[in-house]
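Trainee: I am new to this structure. Can we go through it in short questions and answers?

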Amino acid sequence: PTSAHFMLMVRQHNYINRAADELGPFLNRIATSTKTGRPVQAAYIEAVDESVELKRVLGDSAAKMTAGMRFRDALVETIPLLPFRMWSVFVRQLEAHSESGGDLGTAIEETVTQTNEILMLAAESRANYAGQARQQKLIAAVALGGTGFFVFMNGIKVTQVLWTTTAG
C-alpha cells in the first residue's frame, strides 16, 4: 500500500509538472486565436484539442461548450480540476470580463501576458531551487568524501573516539 501510494504521488507530481509546462502555450494559443477574431469558445475548444496533458482535464469542459453550455460556466467548473493559481486567475478574469463587457480579445491578451509573467517567475524559481539542491548535494558529497579520505589516511582508530568517549 505504501509503495502504491508513493508511486501515485510521483505520477501526480510528474503530471502536474507537465501540465504546468503546457499551460503557457495553451493560453497563448487562445490569445492568438481571439486576436485574429475567432470566438473565444472556439479558440478554447481548439486549444484543448491541440493540447496533450491539459486535454485530460479540460476535455469535458470543451465537450460541454460544444453541447451548448455557457463558456463562463464551463470554465468555472474547471478551477478545482486544474490546481494552478494561474488558471484560476485566468478563469476569474474572464468571468469578471464577461460580466462587465468590453473587448474580450484584449482582455484575454492582457490576462495571458500576466499569466506568462507568473509562469516565467515560477520557472525561474524552480531553476534556482534545482541549482541550490545540486549545490547542497555537491557539498554533502565533498564532506563525505573528505571524511572518508581523512579516515583512510589516518586510520579508523582516529574516529574511534567518537564512539568510545562521552563527548563523542
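Trainee: What is the relative accessible area of R38, and how is R38 classed?

Mentor: This is a predicted model, and R38 sits in the loop between α1 and α2. Buried means under 20% and exposed means over 50%. The relative accessible area of R38 is 37%, so R38 is partly exposed.

Trainee: Are α1 and α6 roughly parallel or roughly antiparallel to each other?

Mentor: Helix α6 covers residues 104-154. Its axis and that of α1 come within 9 Å and cross at roughly 160 degrees. Angles over 145 degrees count as roughly antiparallel. Therefore α1 and α6 are roughly antiparallel.

Trainee: Which residues of α1 and α6 make the contact?

Mentor: The crossing of α1 and α6 is left-handed. On the α1 side, the contact is made by A20, D21, L23, G24, L27, N28, I30, A31, T34 and K35. On the α6 side, it is made by G105, I108, E109, V112, T115, N116, L119 and R126.

Trainee: How far apart in space are Q132 and I16, C-alpha to C-alpha?

Mentor: Q132 lies in helix α6. Its relative accessibility is 47%, so Q132 counts as partly exposed. In sequence, Q132 and I16 are 116 residues apart. In space, C-alpha to C-alpha, Q132 and I16 are separated by 22 Å.

Trainee: Where does α3 bend?

Mentor: Helix α3 runs over residues 54-66, which makes 13 residues. From first C-alpha to last it reaches 17 Å, close to the 18 Å expected at 1.5 Å a residue. The helix does bend, by about 30 degrees, and the place is D60.

Trainee: Which helices do the buried residues of α3 pack against?

Mentor: First, the buried residues of α3: L54, V57, L58, S61, A62 and M65. Their packing partners are α1 (2-35), α2 (40-50), α4 (71-76) and α5 (85-100).

Trainee: Which residue just after α3 takes a positive phi?

Mentor: Look just past the end of α3. The phi there is positive, at about 120 degrees. The residue is G68.

Trainee: What is the handedness of the crossing of α2 and α3?

Mentor: The axes of α2 and α3 come within 9 Å and cross at roughly 145 degrees. From α2, Y44, I45, V48 and D49 take part in the contact. They meet K55, L58, G59, S61, A62, M65 and T66 of α3. The crossing of α2 and α3 is left-handed.

Trainee: Is V52 buried or exposed?

Mentor: V52 is found in the loop between α2 and α3. V52 and F26 are 26 residues apart in sequence, and 9.9 Å apart in space, C-alpha to C-alpha. The relative accessibility of V52 is 56%, and the cut-off for exposed is over 50%. So V52 counts as exposed.

Trainee: Which residues of α5 are buried?

Mentor: The buried residues of α5 pack against α1, α2, α3, α4 and α6. After α5 comes G101, whose phi is positive, near 85 degrees. The buried residues themselves are M86, W87, F90, V91, L94, E95 and H97.

Trainee: How does S88 count by relative accessibility?

Mentor: S88 has its place in helix α5. S88 and L75 are 13 residues apart along the chain, with C-alpha atoms separated by 9.4 Å. The relative accessibility of S88 is 25%, so S88 counts as partly exposed.

Notes
Residues are numbered from 1 along each chain as its sequence is written. This is a predicted model: local features need pLDDT of at least 70, side-chain atom pairs count only at pLDDT 80 or more; totals for chains, interfaces and linings use all residues. Side-chain values use heavy atoms; hydrogens and water are left out. Helices (H or I, at least four residues) and strands (E, at least two) are DSSP runs, numbered from the N terminus. The expected span of a helix is 1.5 Å times one less than its number of residues. The bend at a residue is the angle between axes fitted to the seven residues ending there and the seven starting there. Buried means under 20% relative accessible area, exposed over 50%, partly exposed in between (1.4 Å probe, protein chains only). Contact means heavy atoms within 4.5 Å. Axes are lines fitted to C-alpha atoms, for helices over the stretch in contact, and angles run from 0 to 180 degrees between N-to-C directions. Angles under 35 degrees count as roughly parallel, over 145 as roughly antiparallel, 65 to 115 as roughly perpendicular and the rest as oblique. A crossing is left-handed if the near helix is turned anticlockwise from the far one by less than a right angle, and right-handed if clockwise.
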